[in-house]
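Open your viewer and get ready to click along. Each stop below tells you what to select and what to look for.

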Amino acid sequence: MTGSNVNAATPGSIVDRPPRFARPTRAGRRRSLAAIAAIACIGLFAGPALRQASAADAAAPLYGPLATDAVRGGVLTFGSLVEPPGLDPYHQGADARIRFTVLMYQGLFYEAADGRALPMLATGHTVSADGLTYTVAIRPGVRFHTGATMTAKDVAYSYNYLRDPKNGSPGASDLSLITAIEATDDATLRIVLSRPFTALPMTLGNKYGGVVPAGYFDGADAKAKLNTASVGTGPFKLVEFKPNSHLELARHADYWESGAPYLDGIRATFVPNSASLVVALRNKRVDLALLVRPQDIAQVDKVAGLQVKRWPSLNQKALDFGAETKPLDDVRVRQAIALAIDRAEIQQASVGAYGRPIHTMVAGMQDAWGADPKALAHQAVDLDAARALLKSAGLEQGVELTLTTINGYEWMDPAAVTLKQQLARIGVNLKIQRVDLGVWIQNFRAKQMGFTFNDWATQPDPDLLFYRHFRKAPAGADFRNWNDERASELLDAARSEADPVKRKALYVDFQKQLAQTVPTVMLFSADLVTVAGDAVRNNELHPSGWYYGLVRTWLKR
Amino acid sequence: MGRYVGRRIGASLVTCLLGSVLVFLVVRLVPGDVVAQMLGQTSDETAARALRGYFGLDQPAWRQYAGWLGRVLQGDFGTSWVRGQPVAAMVAQAFLLTAEIALLTLAIALAVGVPLGMLAGMHEGRWPDALVQGFNALGLAAPVFWVGLMLLVTVSSVAGWSPPMIYATPRASLADHVQILALPVLALALLQAAACSQFVRQNVVSAFRQDYVRTALAKGVPLRGVFYRHILRNVLIPLITFVGLLFIQILGGVVIVESLFALPGLGRLLLAAIETRDYPVLQGGLLVVMACALLVNLAIDLLYRVIDPRVPLR
């Protein structure tokens with residue numbers, strides 16, 4: 001994957017067609033071809049036959065492309081608008097935490113942007129014929145930040161801690177199909193499942209947890225200490241985390257990848273407002289930053305010495321329908337609303353040209369897993385059909401709905417106003433209420449979300465995108481009270497399916513069901529936009545928005 | 001005097017205690033807790049229960065409060081639920097920076113505002129008064145975030161300079177420290193100088209109309225003598241009250257410049273604690289703010305007595 005210069009996009013063209021990305025470089029094209037080939041192989045990890053990681057997997061670059069001309073050294077100053085609430089990868093679920101802790105902690109596999117789970121602390125794995133037992137070869141010569149050598153016992157301890165719900169990790173439910181993890185020797189791990197689970201390697205990635213020394217959490221205040229000293233195996237280790245100020249990381253001297261990382265350190269400074277960050281970028285106080293608001297990007301777009309690049313994301317801005325709320329329990333009402341929504345217009349109002357309208361799949365996974373939008377119901381605006389549906393639902397006189405938006409999510413305000421105008425055309429009078437994030441999360445988890453905007457992201461696998469959100473309880477959470485039997489069957493089947501072609505077909509069917517009965521309307525994926533000084537080289541941004549690319553970044557001072 | 005101070009300190013402690021109960025209850029009335037923040041959209045109730053147990057949120061409220069108060073009385077403010085760092089150290093570091101900003105702001109505001117106010121008061125209705133009143137009106141009307149932002153953008157555009165992004169203590173780097181604090185202190189001080197100037201002007205104008213001033217002037221006492229002997233002394237007592245209030249106001253309002261200039265002060269710490277429902281930090285930080293406000297009030301009352309021994313200590 002390669003980023004594109006912001007200038008390459010045609011302003012205003014978003015309504016007619018998705019923004020174009022710059023022509024990929026030769027290296028980018030090579031990677032894209034490799035990615036396409038790899039996507040065709042997705043699913044082989046859980047194939048019924050015994051399988052070792054392929055040579056392509058072994059050669060594929062973790063974190064991003066390797067630099068051939070990199071100069072080692074230097075400390076990169078990174079300006080961040082968001083601050084991790086804490087650095088505990090086991091108990092803190094915030095995305096702002098994950099962005100940074102992926103530099104310090106590593107799982108068995110790496111979530112490659114193209115959807116493959118590449119071996120990271122594993123070197124390969126085999127799967128039993130029934131798909132229930134994974135035997136994982138553990139990478140030798142890996143050292144923790146503490147100096148100790150990692151063995152399979154550490155890996156088993158870490159994942160067993162993570163998957164035990166009593167330990168309070170938000171990642172536990174992702175591993176609920178695992179019945180046992182044990183180290184058979186220092187270099188081999190055995191994972192036993194209750195049902196085949198094709199997405200297991202992707203789940204053993206870096207979002208939650210990461211391998212830590214066995215027994216780590218037995219220590220007093222172990223959780224709290226993760227904010228003062230890292231104990232992972234990642235390429236950077238924690239030097240200092242100063243709340244409301246900065247985070248400092250230094251290169252892990254005993255890191256197992258030869259020659260990596262290139263930087264001596266990273267100094268992330270937390271800037272709570274974008275105006276100050278823009279000023280700092282223009283004055284070279286920071287080397288690299290992510291910007292979100294189009295008006296901020298415009299201020300650095302043409303500045304000499306700054307490179308602005310945009311990257312597709314795994315994020316989605318969505319409109320959710322809680323079926324516990326009347327009249328959203330009536331599928332005709334949901335369908336009518338879907339038919340009145342102009343996604344491109346909402347995106348334009350929210351983030352300008354820095355995004356892509358989506359349908360039933362996030363932008364970063366559309367090519368690999370998305371259904372053809374033309375095959376999906378209720379995607380194009382059709383006001384007559386929408387009015388007819390409302391009439392058949394007995395709402396020809398109109399209906400009043402309350403839309404919930406979240407304080408601090410700036411895109412939601414213009415999106416809400418635009419949506420209000422769009423729905424007014426079919427007789428839906430929209431009231432807008434803003435709530436605090438804490439309130440919103442509480443309602444979401446209690447499955448009392450009502451009619452609300454949502455802003456969430458995924459790892460690059462459809463199981464991790466869909467299962468928990470849309471599968472009926474108790475296996476899934478079904479936050480929207482969708483309660484769709486057919487969709488749940490499809491999700492179950494796809495979860496166990498090893499054949500990549502059949503797996504994709506199942507997810508396409510699922511997406512058709514999603515579009516037909518409308519528990520959610522996926523609106524658009526906002527692009528990720530990086531702004532870098534001239535000295536910053538070989539920086540790529542992972543579609544998750546996590547800062548993996550810093551491991552391959554170097555500075556030409 | 002000693003008895004009076006003892007009584008006031010006792011009353012302050014009771015106020016702090018009542019305030020801490022209020023803070024404890026109010027922060028828990030806000031929907032959503034730290035567990036919801038940490039788990040995000042996950043649905044696992046077992047994990048949520050485990051974390052609630054870890055933080056003691058499964059205990060009755062009175063027991064949580066009693067436990068917290070017991071530890072505070074022993075000097076232990078606990079550990080931040082989100083940051084995992086000792087609350088006392090976090091609050092102390094943040095408070096020192098905020099207090100430094102407040103004191104510097106106050107010093108500049110007084111150094112600029114008092115002379116300007118006097119000048120305007122002594123020349124009431126003439127051009128120096130009009131000039132100062134214009135400055136005051138601008139200063140009182142402009143919001144601090146706008147002034148701060150304008151300063152930052154203007155200095156950046158004109159000089160191609162902006163302050164370092166990572167806060168440095170004076171011990172780590174005095175040069176960086178001065179550069180970092182220059183603009184936020186200036187932004188705050190400009191506004192507070194206007195408030196101070198307006199206050200002093202009003203009091204000087206009002207003092208000029210007092211009988212004793214008129215009498216002194218009629219008796220032929222030179223204006224300078226009347227000003228220093230009679231007017232300034234009488235302006236001093238309300239000015240001290242005003243300065244005390246100003247200090248507390250700066251402490252409360254500094255969060256805006258802290259956010260604008262990325263300073264790790266108390267305001268920003270408390271704001272983050274509210275957002276993440278980090279109760280130990282919130283309770284500890286607000287207790288310090290309360291204690292500080294009460295101490296400043298006590299100091300003002302004692303200063304009255306020093307300036308004017310006729311003021312009774314009640």
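## A walk through the two chains

Keep in mind on the way that this is a predicted model.

**Stop 1: chain A as a whole.** Of its 557 residues, 62% are buried. Chain A exposes about 19700 Å², with carbon and sulfur atoms supplying 52% of that area. Among its contacts between residues at least 6 apart in sequence, 71% join residues at least 24 apart.

**Stop 2: helix α6 of chain B.** Now select residues 127–141 of chain B, the 15 residues of α6. From first C-alpha to last, this helix reaches 21 Å, close to the 21 Å expected. Show the side chains of Pro128(B), Asp129(B), Val132(B), Asn136(B) and Gly139(B), which are buried. Look down the axis: the buried residues fall within an arc of 95°, so they line one face of α6(B). Their cover includes α5 (87–122) and α8 (174–208) of chain B. Turned away from that buried side are the exposed residues Trp127(B), Ala130(B), Leu131(B), Leu138(B) and Ala141(B).

**Stop 3: salt bridges between chains.** There are 31 salt bridges over all chains. Select Arg83(B) and Glu83(A), whose side chains meet at 3.0 Å, N to O. This pair crosses from the loop between α4 (61–73) and α5 of chain B to the loop between β2 (75–80) and α3 (95–101) of chain A. Both Arg83(B) and Glu83(A) are buried.

Next, select Arg277(B) and Asp436(A), which form a salt bridge at 2.6 Å, N to O. Here the link runs from the loop between α11 (266–276) and α12 (279–307) of chain B to the loop between β17 (428–435) and α14 (437–445) of chain A. Arg277(B) is buried, at 3% relative accessible area, whereas Asp436(A) is partly exposed at 31%.

**Stop 4: salt bridges within chain A.** Go to helix α12 (residues 383–392) of chain A, where Arg387(A) and Asp384(A) lie three residues apart, about one turn of the helix. Their closest N and O atoms are 3.2 Å apart in a salt bridge. Arg387(A) is partly exposed, while Asp384(A) is exposed. Finish with Arg195(A), Arg471(A) and Asp492(A), linked in a network of salt bridges.

Definitions and conventions: Residues are numbered from 1 along each chain as its sequence is written. Chains are lettered from A and ligands numbered from 1 in the order in which they are written. This is a predicted model: local features need pLDDT of at least 70, side-chain atom pairs count only at pLDDT 80 or more; totals for chains, interfaces and linings use all residues. Side-chain values use heavy atoms; hydrogens and water are left out. Helices (H or I, at least four residues) and strands (E, at least two) are DSSP runs, numbered from the N terminus. The expected span of a helix is 1.5 Å times one less than its number of residues. Buried means under 20% relative accessible area, exposed over 50%, partly exposed in between (1.4 Å probe, protein chains only). The arc is that of the directions from the helix axis to the C-beta atoms. Contact means heavy atoms within 4.5 Å. Accessible areas come from the Shrake-Rupley method with a 1.4 Å probe; for residues, only the protein chains shown count as cover. A salt bridge is a side-chain nitrogen of Lys or Arg within 4 Å of a carboxyl oxygen of Asp or Glu.
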